[in-house]
Each structure stands twice: as C-alpha cells, then as structure tokens.
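Here are my notes on the model you sent over.

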Amino acid sequence: MNKKFSTLLTASLLMVGALFSSAKADATYIPVGPKATTITSGDMYYIVQQAGEDVAQTSDYLMGMEKTAAATPALAGLNIASASTTLAEAFELSSGEISNYLWTVTEVKDAGKIYYTLKNVKTQSFLAVDGSFAMVTAVADATQAKNNIFFSFGDGTNAYSGKTGETTYLVPKGEQDGTSHSLLIDGTSTIAFGDGSGNHVVLYSVKTQPVAATDLNAAFGGAGFSFAPDGVEVEDNIFDQSIKAFDVEADIVLEAGVRAIKKGTYFATSYPDELAEKSEIKQADVEAGYFDACTFIVVSPTENFKTSKLPQSNGEGFKFTTVKGEDLNTYIAGDNVSSKEEVSVFNAAFTVTEPNEFASAGKYKMALTARVLADPKASSNKDQKHAAKNIQVIATAIQDVNYITTSSEGSLFKVASSKLVKAVSLLKEEKAPSVFNIQFVSGKGTKDSEYNKYMGVAIASGTDLQLVAQGSALAALNTPQYQFVISAIDTKTQTITFKNLETAVTFKSTLFETENDGEYKLVGVATEASTNLATIEVAKDDKSDYTANVSLEGKVITLNAVTVDPFAGFAVKDQTSETVILKFAKSAALNAEKLYIGVDEKTKTNTALFDKESKAIKVKFIPVEEADKPNGTAQTYCYNKDGKVYTANQKMVTYYSYSAQIIDGEDNNSYLKINSSDLEIEQNVSDAASAATKFLIKENKDGSVSLFVSTAFANATNAKAVKSDDGTAISVDGIAYAVEDADAIKLYLVGEELGVSLEAKPRHAAFKSTTGGYISLSEKNEGVVAIKTAADADLTFCLDTADSKATVPSFYISRRGATPDAQRLYMFNVADSVDNAISDAKKAEYQWYADINKVIFKAATLVNSDTLSTTVNGKEALVATSADQNKGILGGLNNFKYQILKVADTDDEYYIRNMVEGDYLVSYNGLLTLGEKDKAIRVTIEKGESPVANDAISADAVSVTAGNGFVTVKGAEGKNVVITNVLGQIIANTVVSSSEATIAVSAGVVFVSVEGEAAVKAIVK
C-alpha cells in the first residue's frame, strides 16, 4: 500500500488529502489509470501518443506542459520508461510535478462538430495553436478565438472513443485529417502539429490510489479521525466518532480453508492499549486476543432501509452498526458461514481508495464485499445463508433525509475528527481577551522532555526568539513572556493562532480533545519563529541546559486562563522612587560574591566594576512617559459573541522607559548611557528627558533584571542589555531574552543592601559605638549613648530572637527593669505614639526635638517569639505583628523588632535597623533616634556582662547631650569635665557638682571628656 500522505487545509474545510504516487525503487511514476473509452466532460485525463492502441511501446509519449518563474508555459513530452502491457508504471517523472502531465478535458459543440478544450492542471493554460496551426503557449483564457483552443479526435464527426480500432489522431479546429496538422510528439521537448496520422492519441484516467491505515491514523497527528460525507449533512453518521484504522495486509488464517481474518482495513471505535501505537493487526495480535478485544464498524447483515431506490437484492440499503471482534463470524467456507443475525468478518473488512488525488484531493471512497441477507422477502427465514455482495458506502436521501448506507455506487468522504475542538468554545463570552499560560502534560517519564513545563518565548541559543518550555523555577507565569492570547481563528479549519503577548511570536494549531478533560493535543502546528520547541532544563548543578528542535506536533497541553496585568514583568517607578545601586552577582543571596557598578576614577565618564559597595554609584530611574501614558501597542484578540468569533484590540502589555540619573548629592546632572558597546556616563544633562539613553527594566523570575535600550523592546537582536560575562568588565552586548545558566552573573537593582545578619541566637551583648561610648538608656528609659570605656552590667542587653528562620532574622533588644520586680525594658520605635498623640504636649514626650523622635525602652513581657505583653493607653495588652480584634490582640510588634546587620566592607561593625519602615538607629548628639542608613550609628558587638536578676539601673552612667548653645552632662557628679573644639582649644574645664550639669558652649563641633571616660563628639547648635 502507498505510504505517502500529506495534510491539506482547504478553503472550505479541514480535510486530509493524499499526494499519492506509485513507488518503484527510488523512481516516481505517473499514476496512469485505465484507458478511457469515453470522455466525461470536465474530468482529468492523461494524454498519451501511442504507436499502438493497447500495448505500450518505447516510442509512446505522455504530453505535458511546464512553466518556470521566468518563462511562459511550454509543452513537454515524457517518453515511456519501459514497455509493458499497461502504462501504470511506464512514465517516470524526471522533472516538474505529476499535475504538469494532467489535463482537464471539456467537450464543446460547434457547427455540428464535437470539439474539446484541453487545459493543463498545473499551469492552468490551454493547449492552443495560432491561425497557421503553429503551437501557442500561455493561453489561459477560454474565450480565445475558437480556432486557438478547440480540438477534435479525427474530423470531429464523432466524439472521442478509446475503444480498440476507434482511436485516432488529435487535430485543431479547421483541419480535417492528421496528415498536416495533427499532434506530433517527437522527443521530450519537440511537440508540434504535423503529420501524426500514424499515431493514436489515447486518454487515460487517473489511477485510483489505495489508502493505508497508517495514513488515515496520521491524519490528525494520531488524535483519532472520523469520516464525513463530502458536501452532505446526514443523520446518525456512525463514522462520526473517533476511529482508529487497522490494516490486515493479508488473510490471517485461523483454520486453513475454513476460517480467517480477511484482508482489509478495519475501523475500530475501541481497542486495547497494546494496539495504541499500531496501524496493522498481525497474526500475533490475533493470537494474543487483541483483535477480539476491538469494537469494529460493520455492515449489518439484516438491517435495511427497505427502499426501492436501493435494491436489497444487490446488497444496497443496508445499515451500519458496531460489533466486538470476538463476535465476528470468521468462517469463509463451509456450512458455518454467517447466517441469521451473525455478522461476517467480511462485513468489517473495508477497502479505502482515493479516486482522484488531483480533482478531489483528500476525498475517499469505501467499499467492501459484505455477506448480507439479500432476499428482502426471506428476511424472516432464519435459515437463509447470507450472500456476498460487492458494495460501497454512500450518503443518500431516503424519504427526504440523508443517511449513510450501502450501494453499488459510493459517495466521496472526507476525513474529519469528532475530537476537533471548536475554537470559539475557548473564548470569553464578553468583549475581553482570552489569555493563557500553556502547560505541557505530555512527555512524562521521558528524560529532558517538556512535561510539566510552561511555554514561553526566549533565546535558548543564537540570537533568534523561539518558543521554549521552561519549568516554574524559570518561567514567570504572571508576565507576558509566558502568556499567549488567541489572536485569530480560522473558523473553517478551527486553526487557532496563539500569540505571545510580549514578543508577538505566534504559532498556529488545531486542538484535539484527549481522554483527559482540559487536555488538548496540538495537531498541524506551524509557527513564525520555528516549527520546533526548545525544552529548557535546570540541571542539578544549577546550569540551564536545553534540548533544541523538539517538535511541537503531537504535544499535549493544558490552557490555564490568566488575568492580564499590563505592567507585569517590567519595573514601574515614579518620580519619588528610591535610588538604587547596580549590582552584579550570581544570585540574590546575601552571601553571594558581589560586584558594583561605579565611576571609573581615571576617566570620570566611563563605568567600572568594584567589589566594595561604597564605590557603587546611586541611580534614580526617572520615567520618561507621563504616568497615564505608558508605552504599549494595542493587540488583536478574539472573543465569543453569540457563538461567533469577533475580534477587538486592547493594550495588554504596557511599560515605561527611564532615564538613569546618577545621584551624588551635589551634581545630579549626569546619566548612564549606552555608547556603542560601552556603558558610559553622560555629563551636564539639562533634564531627564534629554538623556541620550532611555532604558527598559525587565524583571526576571530570580529577582535579577535585564536593563536594555527601550527601543529594543521584544527585539532580541538589538537588545543591548547591560551585562558582565566574567565579572571583569561591563558590556552592553547582552540579549534580554537569552536563557542563562543559574550560576551566570546577573544584574540586580538594589534599593538597600541589608548585609549579613548577626547570627540568630539569644545572647547578652553590649553595643559599642565606633565613635565612642555604648548604647544605653537614661533614667527616663530613653535611648542614649553612654560615655563609658568598657562594657559592664549596666550596658548589657539581652538579645532574644524574634524570627530566627527568616532570611534576615530580627531580635528583641531589652534590659532589666529599674527594680528586681519590674518588667524588662524593650527598645521601642515611638513613631506610632507620635502619630497618635492626643496633644502637642503628649507628642513632645516622645521627641527629642521637633520631628526628631526618641528611641525609648518600653516595659514589656515576652510571651513568646511573636507576642509581647505591654501597657497601651494605661491598659495591659498583647501585641503581635497583626491585630486580631476577636482575641483582643493589638498590632505593632515590629516596633519592638530590630535587625542587626553587618556593615559592608567591615569585619565587625553592625547597623541596628527597625522593622517598621526599615529606619536605622542613629545617634543625634548622643540621643538615639531612627533615620537614614547613611547617618546610622555603627556599633561593634561585645560580650555583655550577664546582669543578675535584682540589678537596678545605675544612676551614675555618664551621658552627654548637646542642645542649642549648651552641653548637658549626666551622671558625672564630682568628676572633672573638659570640653575642647576641633582645634584642641579648651572651651570649658570644670568639676561638676550635680548629677545633671549644663555647660554653656558656642555652636559648633566639640569634644567632651569626662574624667575616667572616653571623649565623645557633640554638635552644638
């Protein structure tokens, strides 16, 4: 059987057509069928010039017409390849296509004569001559002068006859015999009108081609096919269900001469799993019981429509049904052949053919030799044996309703599928786009397969965008890079166009239902980028690898509907957005090795890489577009209105472009720019809109970003992304959509580097300021810097872990109370107290000065790691991170929680950071408050002297605070105090006589030395 099969999408319906040709060795032969004894006007024929009428000879020629792009149609002959009794494999195709040698022959009558027009099927040009009977080419108009395109066989008195002894020559209108201007083929390129009277011009039909089960099963990618009558709607079409075809190539003998599984094509509506990947049933399959386990479509031997137009005696008018293989009567001879209600195996053995692959491509006939109860009058005679009848399958009207039945003449059927998804069913029934994450469910258990991955668009290799399948570790499913909208539907073929929202890469496919709800098989896939898929794997060593050229055809997917966020995947910043630094690292982990983008100290206009955060430039990304006018192009989408497909347009991807302003505190008129292959600094820019380079910030799943030129949106080749391949230099030759190894160097925009946390374990510790003194508290439980040279029990704090398992843990920082029975005192952010103060006087209790809040130590009891008990508005209350009114729990626990973070580029210095808004502990002339990181107090952690339970606060702890024109020294009674300016000049030198002494000092920076303590710096206003 022929094995060549291709899928054609016609203008009116989805059908499967065959371009069959008989194969002999590696040669392709013209499929010449039987000789035509008469002409059916409008049918296709091969035109053969023969020396004899019925026996092929080596001097025989086939007439054709060829056409190249640069030439008009020209006649061409094809010499016989080998002499034989038939022409079925006589003409070997050496150039062009089979249809170059096929002609549509139409009968016309003129002045009592019978003429014919001959139009080449491939070139769509007529055989023609001019007024002098010379050959004319490129005649494509049937209204040409009659003497150009009218031809007769013989003198035109009689119609064409292919009967032996009646064949004759072919002459143009106006000639009476073949001695002067009849068709004469003399070689492969010499075709003219001369003396061809000694030749016979014989027409041959197109050979009917057998269709194999393999080809039928491949029609929809193996999704299952069905048969539908061509151009006829019928009732109760038994072939309108999912069918799998099986060929029995030769009779499978069960009992020699008695029982057999007959040769033919069997249509199974169900079959065992063991036959799922097969298209042929063999002896071993029968012996294993697989044939018996199938359910087949068969001709009923007894059920008949009983209509005179379909004589039952001829085997016509019988209905179809289904029967299990084990119930088929397999006797082919003897007394046990089928009778009564038995169904013979003959009734399941079909022959499928394609009558004319050119005139009716993809249209088939079904025939079989069935055993039926042929005598309508004996239908009640249960002893009557069935009679064998050669019948075909037909769709015909019976009492004004079309049915499928049997007849001596068959109908054409097209291949369809009952599982083909009607595309409109996937659309929203409102004017809104249908957008999906596409997940693969095929390939389970196969190494490096697409299974459980998601479709997106990226660059797995090279510079071209392509469809990829990535795991959820890489695929950011909320972004348009991994979302597809249904942008077009061919309602005739149900072909759906899926368009990637971000890159506009599309692929087209029909979808077929599978045995699992919501899972669809891709069949007939085409894509603009490639017909293949790259499956991306994240290997155990964190390297992204991929398998290229994995065909999408036949893959099974789910469509997971998503709600579109137009800005997803792109940074959204406004004029108030914080400054960031640009960091390169292999991951976002705090302990990852880092490189920072800074200013090249030699050129001042180039950037360079530094390993210290202090060298990093601070950048503010300023949006170029107005807030309500982001970039974005309206995209087409389909929606369902009353069961019909309509289209509309909507912006589904929007983004801003940014100028990258360098913030240095003095001159903020410099911007980052891309110059050729370098990231440079553009100086003296008047405003953000004037900056040379506008950037897009594409956010990646791992927290890194792709920073690239805004004009290159969704254009990978021109992306110009900032990158660093090996950590030694900055380049801008990166590709924003390239798939990188997990351990590749990536770019991060860091608003604030928190640094490495102090180890999350409970301890007693003292905090020594790097500028002198220790963190302590006043007799009013206010946070201060105490003037002491060594840690003692008065300066020791208890650090309890609040959330030790967090990426950056936090602590409760507390001290003992004033008396042995008092509650512990916890470091506390008073911002909420200031905001909720009922009077200015009450507000002042929580502030050192206007707008400068205190850090205080508030009495509380630690209930557990996420709850404290304290007094709020005079009442005892539980405080947690989130309030729970039902349980009487207040929120605000973060006011008590602090992170202790190592200062970058140091070995043992730390910041203390509150968890509310991320403000840092700041010393304001020895008074503790919260503020920006660049003003934060730096401390070293010393092992504290573990306080005993009944220790009280020591009243003699020394503290120094500065005010407007004075310095206050507390806890230094009886001690000598010396105050000097920055030049070392002594401003005051006195022995204080009280526990709180105020000393007048001029404005400026001073240094206060208390006897026995380290000097501290203070700023006097």
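1. The largest nonpolar core has 47 residues, and those with the most contacts inside it are L467, I486, F498, F507, L511, L552 and L559. A nonpolar core here is a set of buried Ala, Val, Leu, Ile, Met, Phe, Trp, Tyr and Cys residues joined through side-chain atoms within 4.5 Å. Buried means under 20% relative accessible area, exposed over 50%, and partly exposed in between (1.4 Å probe, protein chains only). Apart from this core lies another of 46 residues, with A36, V105, Y160 and V202 among them.

2. A word on what you're looking at: this is a predicted model, where local features need pLDDT of at least 70 and side-chain atom pairs count only at pLDDT 80 or more, while totals for chains, interfaces and linings use all residues. Residues are numbered from 1 along each chain as its sequence is written, and side-chain values use heavy atoms, with hydrogens and water left out.

3. What does L511 touch, leaving aside neighbours within four places in sequence? Its contacts (heavy atoms within 4.5 Å) include L420, V421, L426, I496, F498, L522, I557 and L559, and K419, Y520 and K521 are also in contact with L511.

4. Now S810, in the loop between strand 58 (797-801) and strand 59 (811-815). Strands are DSSP runs of E, at least two residues; helices are runs of H or I, at least four; both are numbered from the N terminus. S810 counts as buried because its relative accessibility is 0%. Not counting residues up to four places away in sequence, S810 touches D800, T801, A802, D803, K897, Y898, Q899 and M915.

5. With a relative accessible area of 33%, V1005 is partly exposed.

6. Of its 1021 residues, 51% count as buried. Among contacts between residues at least 6 apart in sequence, 58% join residues at least 24 apart.

7. Finally, confidence. pLDDT is the predictor's confidence in each residue, from 0 to 100; the mean for the protein chain is 84, and 89% of its residues reach 70 or more. Over residues 1-25 pLDDT stays under 50, and the model has 89 contacts beyond four places in sequence for them. Residues 947-956 are also below 50, with 24 contacts in the model beyond near neighbours in sequence.
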